[in-house]
Amino acid sequence: MNGTPTPSLRPIRLVAGGPWAVGVLVAACSGAGAPPAPSADATALAQAVKDQIATDELMAYSAAIAEHVRPSGSPGENAAIDTIVATLEARGVPVAVHEIMAYASDPVSASVSVPGTDFNPRAITMAYSAATGPGGVEGTVVDMGGLAELPRLETGTGERLVVEGESFGAELPNLTGAVAIVDGQPRNVPTIVLERMGAAAVVFVNPEERLNELIVTSTWGSPSLMNYHRLPTVPVAQIARSAGEELRRRIAAGPVRLRVETELSTGWKPMRLAVATVEPEADAPFVLLGGHIDGWHHAATDEAASNAAMLALALAFHEVRDQLRHGLRIAWWPGHSNARYAGSTWYADEFFADLRLRGLAYMNIDGVGQIGAKRFGATASEAFGGFAARVVEQSQGVEIAASRPSRNSDQAFNGIGLPLVQFNHTRLAEDGGYWWWHTPDDTYDKIDGDVLKTDTDLYADALAEMLAGAPYPVSLSEQVAALGDAIAARDEASGGALGLGEQLGERMARLRDAAERLDALASAGRVRPLEQVAVLRPLHRVMYVPLNVYHPDPGVALGPLPGLAPAAVLADENANPDRRGFAASVLARERNRLVEAADDALAELHRVLTAAEERR
Ligand SMILES: [Zn+2]
């Protein structure tokens, strides 16, 4: 943290392209009225979109973006945004550019050295590390081994999640004044653990002979009064594997003093967020497609290539907009890496009502177009799991199972309750994996034009169905089934002490029945997509967000029903009795939130099913 100017409360908006730009905060009524629009031929539409997207064009856009080094808020990022905006405007696609303030952390330099010796390997610091100031900090090295060997912090819930509760956990070793070294890529949870032990500095040893740019804060979005206390106070650096081996050779011969110096530029800075709009008509429900425009170094596959795919998709869907029944918003997020999802979180905050009333889904794109990519996959919330797998099978002839989203990838919209989906196409470990990820080697030559075209087409297939097909491909039954499994799993983790079955059992039975009816009516074209999402929303929120849907939860994955993560404390016979009591209080409230979510979904289901029956 440093003393940079305070941002204004009102976001400044530079709006290019006309009055469509700033969100229309009044939503269309999703209730009664005409039945859903007739089904367009999504397959033919997808083909029309794919036919417009040429490999050469994708590669030209990729080159124009990857040419620039793009930490967020930099001239390089702005130049890439200018290229995207100019291309959209030349083809008549409405685009707004919002100027936002975001709390970013740019690593400047780091050194890790043994004073008085020649040990001074290449080192970097991580975004949101504390800065040491000139001269650095010095301490005796303590070798903590690998990440898996670190003491586990008890995970509480809510704003002080992870941090909260650790004083009730096992006795932590005292590292006061020491410099901890640990094998593994720098991440937020191990940083918190070592900070809580009192380490003067933390040095991560990369398991490979490279340095990967990473972020060590557990805040999500620009910090607020609710969570700024989560910003790390410990300096963090990273050295490569061979440097770690050399350091351990020296430790084996006797105690070693290590000096760590880190320099960062951390504070509020302006960034630009470009959002293109494809609309069949004003105020149509829409799918939000997002990917980050900033990246580390030239960020060619992470993710100039994805940005190019987004641009090509925006242009192509704009040409067929009169055949769509839903709109498409395409957002190039700033602040993904060096501001920890600040751009997408700003958008969720500022367009909350619009997204809540007209949003149909959040679709993320990241890392497509890699040379040598061989394995297809999808990450999707349960309501889109079947859909995502079907699209990959129909498009690529490959059977996959979609995996549940962890906590990453600009998932700023879980609090709003939007189901989410992302398609992946990755390299195999035996081919060396994605070795250039977050390094200066992520350059244009890592993009394969044919792979990028294939991946862009996969997104076109999925989007065509979401924007023009019928029924809207979201499954309430799958979401309800996953919720039932999650309830059972949290109950079991508590050793039955939660007793969720008592309050949820009958509600879940009613939800299952009603969800089946709703999905059947949706298949028959008698339910509007916004109605499907309205029923889904309370269930998605409770499945993905702990405690509070308005303030972002930390960037830490806690699994399904994250608010009930402390359930295991109840089953722990060795738990400190105070801590058990504190956990029980949180769990009672989170149980109540779950009950309310089920009731809200049931009430919405009743309303939607009644309306659908009347459309018979
Ligand atoms: Zn990425």
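The protein chain of this predicted model contains 15 helices and 13 strands, taken as DSSP runs numbered from the N terminus (helices H or I, at least four residues; strands E, at least two). Its radius of gyration is 25 Å, close to the 25 Å that the globule rule gives for 616 residues, so the chain is as compact as a globular protein of that length. The radius is taken over C-alpha atoms, and the rule is 2.2 Å times the number of residues to the power 0.38. Local features need pLDDT of at least 70 and side-chain atom pairs count only at pLDDT 80 or more, whereas totals for chains, interfaces and linings use all residues. Residues are numbered from 1 along each chain as its sequence is written.

**Packing**
- Of the 616 residues, 53% count as buried, meaning that 20 or more other C-beta atoms, placed from the backbone, lie within 10 Å of the residue's own.
- Among contacts (C-beta atoms within 7 Å) with a separation of 6 or more, 82% join residues 24 or more positions apart.

**Nonpolar cores**
- A nonpolar core is a set of buried Ala, Val, Leu, Ile, Met, Phe, Trp, Tyr and Cys residues joined through C-beta atoms within 7 Å.
- The largest has 147 residues, of which Val287, Ala309, Leu313, Ala314 and Leu463 touch the most other members.
- Helix α6 (residues 300-319) supplies the largest share of this core, 13 residues.
- Domain 1 (31-94 + 279-468) and domain 3 (476-614) both contribute residues, so this core lies between them; the domain bounds come from an automatic or database domain assignment.
- Another core, of 42 residues, lies apart from it and includes Ile124, Ile181, Ile215 and Ile239.

Key:
A residue is buried if 20 or more other C-beta atoms lie within 10 Å of its own, exposed if 12 or fewer, and partly exposed in between; C-beta atoms are placed from the backbone. Two residues are in contact if their C-beta atoms, placed from the backbone, lie within 7 Å.
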